[in-house]
Amino acid sequence: MAAVNKGAIGLAAKAGKIKSGEDMTEQAIRNGSAYLVLLASDASEGTRKKFNDHCQYYDVPICYVSSKEVLGKILGKEYRAVGAVIDENLSAVILNSTTRKHVDSNGGRLMAKIRGHQLAKELGSDNREVAEYLLGKGYKGIT
């Protein structure tokens, strides 16, 4: 697991750009306002499965945090299992700091984050068709 940029997550929380808790996070994912989901590694199996499935379906990246206690502390709350970053720029900062090694190791091809479900909607196409097309063109970091 990559180290999480706690400072950027804390900044997003102080700016009111994180929705936390299962209901608020699920709502943000479904309405398209979630740019990144923060999920505690020690969340229940049901919670992890639920948000992994939602994020895969809606093409929202997930960043794992070591524990509910750590995520809660970063967000200024007691314990939190899940949260959604609703600011695109702040989510990019968090993603870039935690996944830069993975992106750089994908053949050196750096590209902007593609939100597959938004692209599919604009093209009037299926999410899977868009992902398969991009993967076929050599883009390995599609989420």
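A nonpolar core is a set of buried Ala, Val, Leu, Ile, Met, Phe, Trp, Tyr and Cys residues joined through side-chain atoms within 4.5 Å. In this predicted model, the largest such core has 15 residues, and those with the most contacts inside it are Ile9, Ile18, Leu36, Leu38, Val85 and Ile94. Two or more residues of this core come from each of helix H1 (6–14), strand S2 (36–40), strand S3 (62–65), helix H4 (68–75) and helix H5 (88–104). There is also a second, separate core of 12 residues, with Val37, Leu39, Ala81 and Ala84 among them.

Stepping back, the protein has 7 helices and 4 strands, and from the N terminus its elements run α-β-α-β-α-β-α-β-α-α-α. Of its 143 residues, 36% are buried. The protein exposes about 8500 Å², and carbon and sulfur atoms supply 49% of that.

With 5 of its 5 residues buried, S2 is largely enclosed by the rest of the structure. Cover comes on both faces: Leu36, Leu38 and Ala40 are buried on one side, Val37 and Leu39 on the other. S2 has two pairing partners to follow here. With S4 it pairs in the antiparallel sense over 4 bridges, and Leu38 stands opposite Gly83 in S4. With S3, S2 pairs in the parallel sense over 4 bridges, and Leu39 stands opposite Tyr64 in S3. To get from S2 to S3 the chain passes through helix H3 (residues 45–58), making a right-handed β-α-β crossover. Leu38 itself, leaving aside neighbours within four places in sequence, is in contact with Ile9, Ile18, Cys63, Val65, Leu71, Ala81, Val82, Gly83 and Val85.

The buried residues of H4 are Leu71, Gly72, Ile74 and Leu75. Seen down the helix axis, they fall within an arc of 160 degrees, so they line one face of H4. An α-helix has 3.6 residues a turn, so residues three or four places apart point the same way. The cover over the buried residues of H4 includes H1, strand S1 (18–20), S2, S3 and strand S4 (82–85). Turned away from this buried side, the other face of H4 carries the exposed residues Glu69 and Lys73. Just after H4, Gly76 takes a positive phi of about 80 degrees.

Technical notes:
Residues numbered from 1 in each chain as written. Predicted model: local features only at pLDDT ≥ 70, side-chain atom pairs only at ≥ 80, totals over all residues. Heavy atoms only, no water. Buried < 20%, exposed > 50% of the residue type's maximum accessible area, 1.4 Å probe, protein only. Contact = heavy atoms within 4.5 Å. Arc of directions from axis to C-beta. Areas by Shrake-Rupley, 256 points an atom, 1.4 Å probe, with all protein chains shown as cover. Pairing = 2+ DSSP bridges. Right-handed = clockwise from strand over helix to strand, strands pointing away.
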